[in-house]
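Me: I have a chain open and want to talk it through. Can you take my questions as they come?

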Amino acid sequence: MDNVNVNDRQGKIDERFKPTYDKLCEVLNQLEKLSITQAWSLRETDLYDYQRRLDKIDESRINGNFEDQSGVKADLHTQRV
């Protein structure tokens, strides 16, 4: 997706980073569901697994950037979505 205008993407994620995006969306959806169904009974320990999953994704960055299998950094659009 080199030199692709942001408007041309229409919100689509670069396929190289789609697995990471999907993991983040999964965590977000699960947390939103928890906040609706169990907001009053949530404890810090209930959130530990989610924090670990997010930490693992964050640790996959190299110098603050996500990189694909070839070591090519994600472009600005992919990082911001």
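This is a predicted model: local features need pLDDT of at least 70, side-chain atom pairs count only at pLDDT 80 or more; totals for chains, interfaces and linings use all residues.

Me: Start with Q30. Which helix is Q30 found in?
Reply: Q30 is in helix α2. Helices here are DSSP runs of H or I with at least four residues, strands are runs of E with at least two, and both are numbered from the N terminus.

Me: What does Q30 touch?
Reply: Leaving out residues up to four places away in sequence, Q30 touches Y50 and R53. A contact is heavy atoms within 4.5 Å. The C-alpha atoms of Q30 and Y50 are 8.9 Å apart, and the two residues sit 20 residues apart along the chain.

Me: How do the axes of α2 and α3 cross?
Reply: The axes of α2 and α3 come within 11 Å and cross at roughly 160°. So α2 is roughly antiparallel to α3. Axes are lines fitted to C-alpha atoms, for helices over the stretch in contact, and angles run from 0 to 180 degrees between N-to-C directions. Under 35 degrees counts as roughly parallel, over 145 as roughly antiparallel, 65 to 115 as roughly perpendicular, and the rest as oblique.

Me: Which hand is the crossing of α2 and α3?
Reply: The crossing of α2 and α3 is left-handed. That term applies if the near helix is turned anticlockwise from the far one by less than a right angle; clockwise is right-handed.

Me: Which residues of α2 and α3 make the contact?
Reply: From α2, T20, K23, L24, E26, V27, Q30, L31 and L34. From α3, Y50, R53, L54 and I57.

Me: What do the side chains of R53 and E26 do?
Reply: R53 and E26 meet in a salt bridge, 3.3 Å from N to O. This pair links distant parts of the chain: R53 is in helix α3 (residues 48-59), E26 is in helix α2, and they are 27 residues apart. A salt bridge is a side-chain nitrogen of Lys or Arg within 4 Å of a carboxyl oxygen of Asp or Glu. R53 is partly exposed at 30%, and E26 is partly exposed at 39%.

Me: How many salt bridges does the structure hold?
Reply: The structure holds 7 salt bridges. One joins K18 and D22, at 2.9 Å from N to O. Both K18 and D22 lie in helix α2 (residues 18-37), 4 residues apart, about one turn of the helix. K18 is partly exposed at 29%, and D22 is partly exposed at 35%.

Me: New topic. Where does N65 lie?
Reply: N65 lies in the loop between α3 and α4 (76-80). N65 is buried, with a relative accessible area of 16%. Setting aside neighbours within four places in sequence, N65 is in contact with K73 and Q79.

Me: And N63: what is its phi?
Reply: Phi of N63 is near 55°, a positive value in a residue other than glycine. Most residues other than glycine have a negative phi. N63 is in the loop between α3 and α4, and N63 is exposed at 75% relative accessibility.

Me: Zoom out. How many helices and strands in the chain?
Reply: The chain has 4 helices and 0 strands. From the N terminus, the elements run α-α-α-α.

Me: What share of the residues is buried?
Reply: Buried residues make up 17% of the 81 residues in the chain. Among contacts with a separation of 6 or more, 59% involve residues 24 or more positions apart.

Definitions and conventions: Residues are numbered from 1 along each chain as its sequence is written. Side-chain values use heavy atoms; hydrogens and water are left out. Buried means under 20% relative accessible area, exposed over 50%, partly exposed in between (1.4 Å probe, protein chains only).
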